[in-house]
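Welcome! Keep the model open beside the text and follow along.

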Amino acid sequence: MAGMTCPDVQDRLEAHVTLGEALSPEVQAHLRTCADCRAHLAFLQHLQLALLEDAPPVEPPPALRGEVLRAARGARPARWRWPLTLGAAAVLGAVTLTALLAPPTGVAASAPDPAVVVSVDDRVLVASNDRAGTLTLLRGDRTEGTLRVPARLTPWFTEGVRLGDRVFLADAANDRVLELQLRPLTLRRTHRVPPGVAGLSAVTGPGGARVYFKSVQGVVGLLGGREITVADDPGMPLADVMDAVTLFRGTLVVTHHLRGEVCLIDPDTLQVRRVLKLGGMPVALESTQDGLLVLDVTGRLLLLDGAFRVARTWTLGGHPDKLSVNDREAVITDRAGTVTRLPLAGGAPTRLTLTHPMDVTVLPDGSFAVAEGGRGVQRLPGTP
């Protein structure tokens, strides 16, 4: 079925989400080239998660989920329209959805759907994947500032980094990186970037302040400067947009999870020095005093030494995708609902359950802030 239209594809996406039907090769080919349909799929998946994740143990009418998703389709992403024909079932569905999406009081109340958290001294900047693109600056449980950055598509924030008094946020849904000023919280500039921006890294050195980005499709670049292509891969649903870039001992290190690779790049010329074939799907990077941690979404954590050799491997299980470290431990989040604390010097990992952990950042006192999608920001004290 070559040349499928967007309405045809979106009908099949709804069947895929509501009924579990497999996506045909034609639909998958359309998704690779159509940002609107990829965003629609991510929206349906996000809505399904909100409806089902914490639903009370009450058996709903069999057709309710499909009807709610179909009703939402025509309104994406600006507003909801509930069909009158749902009657009492619609009322029940709407009440359930409100209970799941309405955040509790305190920190969560000002951050409607936390996706990315950035530590800024004794404060935390929270980026939410809501229609308004809500950004919230928190000090403890107090809101110091709020800014909304809406766009054509509902924002899908993937990464945030700090550079002095500025914060940069990657929005993969709208192919942009936002440059923010913190005092007061304002938008300074919007940088256009290639589709699927997944990783950011900010550095200051002899060459001045720089912000590097990584696109899930294989583009690495410097905001406002040079770009290179380390791979040429198709697009994918927003929920699968993940990769990382960081500067480690004078080398720009970039993951390309679609090929199980980590690329070592000259930070000045952006020439590829070396490609490490690690296998799996590496998606996150963090520097430590012992080396470079590489998180694999297939359930591994690797430690690379200064020569970029694998010095240690931890088996985590699940599908972890975000990582942060202090001097003693790594905290790893899995969107399926697990947060793992791993002592770096040795010892058994411990796990706790959160509803939908999306991101984690270390705070100046060694504690961690976790973005819990749809619920708020949770603080985890550091291990003594």
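Predicted model: local features only at pLDDT ≥ 70, side-chain atom pairs only at ≥ 80, totals over all residues.

## Before we start

## The largest pocket

By those classes, the lining of the largest pocket has 22 nonpolar, 9 polar and 8 charged residues. The volume of this pocket is about 880 Å³. Its lining is made up of 39 residues, and Glu159, Gly160, Val161, Glu286 and Leu323 are the closest to its centre.

Which strand gives the most to this lining? Strand 5 does, with 6 residues. Several strands supply at least two lining residues each, including strand 1 (114–120), strand 5 (157–163), strand 9 (197–205) and strand 13 (245–248).

## A closed space inside

The structure also holds 1 cavity of 30 Å³ or more. About 140 Å³ of space lies within the largest cavity. It is lined by 15 residues, of which Ala35, Arg38, Ala172, Asp175 and Leu238 are the closest to its centre. Sorted by class, this lining has 10 nonpolar, 3 polar and 2 charged residues.

Now find helix 2, which covers residues 25–33. Val27, His30 and Leu31 are buried there. Viewed down the helix axis, the buried residues fall within an arc of 100°, so they line one face of helix 2. On the other side of helix 2, Pro25 and Thr33 are exposed.

The general rule behind such a pattern is simple: an α-helix has 3.6 residues a turn, so residues three or four places apart point the same way.

## Salt bridges

Side chains of opposite charge can pair when their charged atoms come close. The structure holds 20 salt bridges. In one of them, arginine 152 pairs with aspartate 36, with the closest N and O atoms 3.1 Å apart. This pair links distant parts of the chain, 116 residues apart: arginine 152 sits in the loop between strand 4 (142–148) and strand 5, and aspartate 36 in helix 3 (residues 35–52). Arginine 152 is exposed, with a relative accessible area of 57%, while aspartate 36 counts as partly exposed at 30%.

Is the pair of lysine 214 and aspartate 243 buried or exposed? Lysine 214 counts as buried, at 0% relative accessibility, and aspartate 243 also counts as buried, at 3%. The closest N and O atoms of this salt bridge are 3.1 Å apart. Lysine 214 belongs to strand 10 (residues 208–215), whereas aspartate 243 lies in the loop between strand 12 (227–229) and strand 13, 29 residues apart.

A further salt bridge joins aspartate 365 and arginine 379, at 3.0 Å from N to O. Aspartate 365 lies in the loop between strand 25 and strand 26 (368–372) and arginine 379 in strand 27 (residues 376–380), so the pair ties together parts that are 14 residues apart in sequence. Both aspartate 365 and arginine 379 are exposed. Elsewhere, salt bridges link Asp122, Arg123, Arg139, Arg142 and Glu144 in a network.

## A hairpin to look at

Strand 9 and strand 10 form a hairpin, with 2 residues between them. The two strands run antiparallel and are joined by 8 bridges.

## Backbone details

Most residues other than glycine have a negative phi, and most peptide bonds are trans. The peptide bond from arginine 183 to proline 184, however, is cis, with omega near -10°. You can find proline 184 in the loop between strand 7 (176–181) and strand 8 (186–192).

Arginine 249 has a phi near 50° and is found in the loop between strand 13 and strand 14 (251–256). At 54% relative accessibility, arginine 249 counts as exposed. Leucine 270 has a phi near 60° and lies in the loop between strand 15 (261–265) and strand 16 (272–277). Leucine 270 is buried, with a relative accessible area of 4%.

Notes. Residues numbered from 1 in each chain as written. Heavy atoms only, no water. 1 Å grid on protein atoms, 1.4 Å probe; cavity = no way out; pocket = protein on both sides within 12 Å on 5 of 7 lines; lining within 4 Å. Points joined across faces, edges and corners; volume = space filled by probe spheres on them. Nonpolar A, V, L, I, M, F, W, Y, C, P; charged D, E, K, R; others polar. Helix = DSSP H or I, 4+ residues; strand = E, 2+ residues; numbered from the N terminus. Buried < 20%, exposed > 50% of the residue type's maximum accessible area, 1.4 Å probe, protein only. Arc of directions from axis to C-beta. Salt bridge = Lys/Arg side-chain N within 4 Å of Asp/Glu carboxyl O. Pairing = 2+ DSSP bridges.
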